[in-house]
Amino acid sequence: MHPGSSRAHASSSTACRAEIIDPLLEARRKLRELFAVLHRKLLAIVRDDTVCRRLMTVPGIGPVVSMAFTATIDVPARFKRSKAVGAALGLTPILNQSGESKRLGRVSLCGDGMTRTLLYEAAQVMLTRTTKWSWLKAWAMKVAARRGIQKAIVALARRLAVILHRIWVSGTDFR
(Lines give C-alpha, C1' and ligand atoms only; values in the text may rest on other atoms or scores of the structure.)
Protein backbone atom coordinates (compact mmCIF):
# COMPACT_ATOMS: atom_id res chain seq x y z
CA MET A 1 0.00 0.00 0.00
CA HIS A 2 1.32 3.45 -0.86
CA PRO A 3 2.01 5.78 2.05
CA GLY A 4 0.13 8.62 0.34
CA SER A 5 -2.90 6.53 -0.68
CA SER A 6 -4.48 6.55 2.78
CA ARG A 7 -4.27 10.36 2.81
CA ALA A 8 -5.99 10.53 -0.59
CA HIS A 9 -8.69 8.12 0.60
CA ALA A 10 -9.27 10.20 3.75
CA SER A 11 -9.64 13.45 1.80
CA SER A 12 -12.07 11.87 -0.70
CA SER A 13 -14.24 10.44 2.10
CA THR A 14 -14.24 13.84 3.82
CA ALA A 15 -15.38 15.47 0.59
CA CYS A 16 -18.05 12.80 0.16
CA ARG A 17 -19.29 13.37 3.74
CA ALA A 18 -19.40 17.12 3.10
CA GLU A 19 -21.53 16.54 0.00
CA ILE A 20 -24.03 14.53 2.05
CA ILE A 21 -23.97 16.22 5.44
CA ASP A 22 -23.89 19.89 4.37
CA PRO A 23 -27.26 19.72 2.57
CA LEU A 24 -28.77 17.84 5.53
CA LEU A 25 -27.52 20.47 7.96
CA GLU A 26 -28.87 23.22 5.72
CA ALA A 27 -32.29 21.52 5.58
CA ARG A 28 -32.28 21.13 9.37
CA ARG A 29 -31.41 24.81 9.84
CA LYS A 30 -34.24 25.84 7.50
CA LEU A 31 -36.75 23.61 9.32
CA ARG A 32 -35.73 25.09 12.68
CA GLU A 33 -36.20 28.61 11.30
CA LEU A 34 -39.68 27.74 9.96
CA PHE A 35 -40.59 26.07 13.26
CA ALA A 36 -39.58 29.23 15.15
CA VAL A 37 -41.75 31.39 12.87
CA LEU A 38 -44.75 29.08 13.29
CA HIS A 39 -44.25 28.91 17.06
CA ARG A 40 -44.23 32.72 17.30
CA LYS A 41 -47.46 32.84 15.26
CA LEU A 42 -49.07 30.27 17.58
CA LEU A 43 -48.05 32.29 20.64
CA ALA A 44 -49.50 35.45 19.10
CA ILE A 45 -52.82 33.70 18.38
CA VAL A 46 -53.02 32.28 21.89
CA ARG A 47 -52.08 35.61 23.47
CA ASP A 48 -55.08 37.28 21.77
CA ASP A 49 -57.54 34.45 22.55
CA THR A 50 -59.21 34.80 25.95
CA VAL A 51 -60.39 31.16 26.02
CA CYS A 52 -56.87 29.82 25.42
CA ARG A 53 -55.45 32.13 28.09
CA ARG A 54 -58.03 30.84 30.60
CA LEU A 55 -57.29 27.23 29.70
CA MET A 56 -53.57 27.82 30.28
CA THR A 57 -54.28 28.57 33.96
CA VAL A 58 -54.55 24.79 34.43
CA PRO A 59 -51.17 23.29 35.45
CA GLY A 60 -49.49 21.44 32.58
CA ILE A 61 -51.58 23.13 29.87
CA GLY A 62 -49.59 25.32 27.52
CA PRO A 63 -50.31 27.19 24.31
CA VAL A 64 -50.18 24.13 22.04
CA VAL A 65 -52.56 22.05 24.17
CA SER A 66 -55.01 24.92 24.69
CA MET A 67 -55.09 25.73 20.97
CA ALA A 68 -55.54 22.07 19.98
CA PHE A 69 -58.31 21.61 22.55
CA THR A 70 -60.25 24.68 21.40
CA ALA A 71 -59.83 23.69 17.75
CA THR A 72 -61.01 20.13 18.42
CA ILE A 73 -64.01 20.96 20.62
CA ASP A 74 -64.86 24.09 18.58
CA VAL A 75 -68.35 24.61 20.05
CA PRO A 76 -68.44 23.67 23.75
CA ALA A 77 -72.25 23.73 23.79
CA ARG A 78 -72.24 20.49 21.76
CA PHE A 79 -71.62 18.68 25.05
CA LYS A 80 -74.43 18.83 27.60
CA ARG A 81 -72.09 17.58 30.32
CA SER A 82 -68.36 18.15 30.61
CA LYS A 83 -67.80 14.46 31.39
CA ALA A 84 -68.78 13.63 27.81
CA VAL A 85 -65.66 15.38 26.48
CA GLY A 86 -63.39 12.63 27.82
CA ALA A 87 -65.38 10.02 25.94
CA ALA A 88 -65.46 12.12 22.76
CA LEU A 89 -61.66 12.33 22.82
CA GLY A 90 -61.27 8.58 23.34
CA LEU A 91 -60.04 8.75 26.92
CA THR A 92 -62.56 6.33 28.41
CA PRO A 93 -62.10 2.57 28.70
CA ILE A 94 -63.83 0.13 26.39
CA LEU A 95 -66.33 -2.15 28.08
CA ASN A 96 -66.17 -5.73 26.80
CA GLN A 97 -69.30 -7.66 27.75
CA SER A 98 -70.05 -11.27 27.05
CA GLY A 99 -72.81 -13.00 28.94
CA GLU A 100 -72.23 -12.32 32.61
CA SER A 101 -68.63 -11.10 32.32
CA LYS A 102 -67.81 -7.41 32.13
CA ARG A 103 -64.24 -6.35 31.50
CA LEU A 104 -62.86 -2.84 31.17
CA GLY A 105 -60.21 -2.67 28.46
CA ARG A 106 -57.88 -0.11 26.94
CA VAL A 107 -59.02 3.42 26.07
CA SER A 108 -61.39 3.62 23.14
CA LEU A 109 -59.14 5.79 20.91
CA CYS A 110 -62.10 7.42 19.21
CA GLY A 111 -62.05 11.14 18.51
CA ASP A 112 -59.10 13.36 17.71
CA GLY A 113 -55.82 11.52 18.21
CA MET A 114 -53.62 14.61 18.34
CA THR A 115 -55.62 16.26 21.13
CA ARG A 116 -55.75 12.98 23.04
CA THR A 117 -51.95 12.66 22.73
CA LEU A 118 -51.40 16.26 23.83
CA LEU A 119 -53.64 15.81 26.88
CA TYR A 120 -51.82 12.58 27.74
CA GLU A 121 -48.45 14.36 27.51
CA ALA A 122 -49.74 17.25 29.64
CA ALA A 123 -50.92 14.78 32.28
CA GLN A 124 -47.59 12.96 32.16
CA VAL A 125 -45.68 16.22 32.61
CA MET A 126 -47.90 17.20 35.52
CA LEU A 127 -47.31 13.88 37.28
CA THR A 128 -43.61 13.39 36.58
CA ARG A 129 -41.97 16.79 36.09
CA THR A 130 -44.06 19.49 37.74
CA THR A 131 -42.93 20.21 41.29
CA LYS A 132 -45.79 22.55 42.16
CA TRP A 133 -48.60 20.73 43.97
CA SER A 134 -52.28 21.23 43.28
CA TRP A 135 -55.39 19.31 44.24
CA LEU A 136 -55.35 17.84 40.74
CA LYS A 137 -51.84 16.43 41.06
CA ALA A 138 -52.62 15.08 44.54
CA TRP A 139 -55.70 13.31 43.13
CA ALA A 140 -53.66 11.78 40.30
CA MET A 141 -50.93 10.62 42.70
CA LYS A 142 -53.57 8.80 44.76
CA VAL A 143 -54.83 7.10 41.60
CA ALA A 144 -51.23 6.17 40.71
CA ALA A 145 -50.73 4.59 44.13
CA ARG A 146 -53.88 2.47 43.70
CA ARG A 147 -53.88 1.61 39.99
CA GLY A 148 -50.40 2.38 38.60
CA ILE A 149 -48.80 5.34 36.89
CA GLN A 150 -50.02 4.59 33.34
CA LYS A 151 -53.68 4.39 34.35
CA ALA A 152 -53.25 7.49 36.49
CA ILE A 153 -51.90 9.42 33.49
CA VAL A 154 -54.89 8.41 31.35
CA ALA A 155 -57.28 9.25 34.19
CA LEU A 156 -55.62 12.64 34.65
CA ALA A 157 -55.78 13.32 30.89
CA ARG A 158 -59.51 12.56 30.94
CA ARG A 159 -59.98 14.79 33.97
CA LEU A 160 -57.99 17.57 32.31
CA ALA A 161 -60.35 17.41 29.32
CA VAL A 162 -63.35 17.68 31.63
CA ILE A 163 -61.81 20.60 33.54
CA LEU A 164 -60.83 22.44 30.35
CA HIS A 165 -64.37 22.12 29.01
CA ARG A 166 -65.85 23.29 32.31
CA ILE A 167 -63.49 26.31 32.38
CA TRP A 168 -64.43 27.14 28.79
CA VAL A 169 -68.19 26.93 29.44
CA SER A 170 -68.19 28.72 32.79
CA GLY A 171 -65.67 31.42 31.84
CA THR A 172 -63.62 30.97 35.01
CA ASP A 173 -59.95 30.29 35.73
CA PHE A 174 -58.46 27.17 37.30
CA ARG A 175 -58.43 27.24 41.11
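Q: This is a predicted model. Is isoleucine 21 buried, partly exposed or exposed, and why?
A: Buried means under 20% relative accessible area and exposed means over 50%. Isoleucine 21 has 39% relative accessibility, so isoleucine 21 counts as partly exposed. Isoleucine 21 lies in helix H1, residues 5-48.

Q: Which residues form a nonpolar patch on the surface?
A: Ile20, Ile21, Leu24 and Leu25 form one. Together they have about 390 Å² of accessible area.

Q: Where do nonpolar side chains tend to be in soluble globular proteins?
A: They tend to be buried together. Here, the largest nonpolar core has 34 residues. Val58, Ile61, Phe69, Leu119, Leu156 and Leu160 touch the most other members.

Q: Which elements give two or more residues to this core?
A: They are helices H2 (50-55), H3 (63-73), H5 (113-128), H6 (135-147) and H7. H7 gives the largest share, 11 residues.

Q: What does isoleucine 61 contact, leaving aside neighbours within four places in sequence?
A: Isoleucine 61 touches Leu55, Met56, Ser66, Leu119, Ala122, Leu160 and Leu164.

Q: What is in contact with alanine 87, beyond four places in sequence?
A: Thr92 and Cys110 are. Alanine 87 sits in helix H4, residues 83-88. Its C-alpha atom is 8.1 Å from that of arginine 158, 71 residues apart along the chain.

How values were computed. Residues are numbered from 1 along each chain as its sequence is written. This is a predicted model: local features need pLDDT of at least 70, side-chain atom pairs count only at pLDDT 80 or more; totals for chains, interfaces and linings use all residues. Side-chain values use heavy atoms; hydrogens and water are left out. Patches are made of residues with over 30% relative accessible area and no salt bridge: like charges are joined within 9 Å, nonpolar side chains (Val, Leu, Ile, Met, Phe, Trp, Tyr) within 5 Å. Accessible areas come from the Shrake-Rupley method with a 1.4 Å probe; for residues, only the protein chains shown count as cover. A salt bridge is a side-chain nitrogen of Lys or Arg within 4 Å of a carboxyl oxygen of Asp or Glu. Helices (H or I, at least four residues) and strands (E, at least two) are DSSP runs, numbered from the N terminus. Buried means under 20% relative accessible area, exposed over 50%, partly exposed in between (1.4 Å probe, protein chains only). A nonpolar core is a set of buried Ala, Val, Leu, Ile, Met, Phe, Trp, Tyr and Cys residues joined through side-chain atoms within 4.5 Å. Contact means heavy atoms within 4.5 Å.
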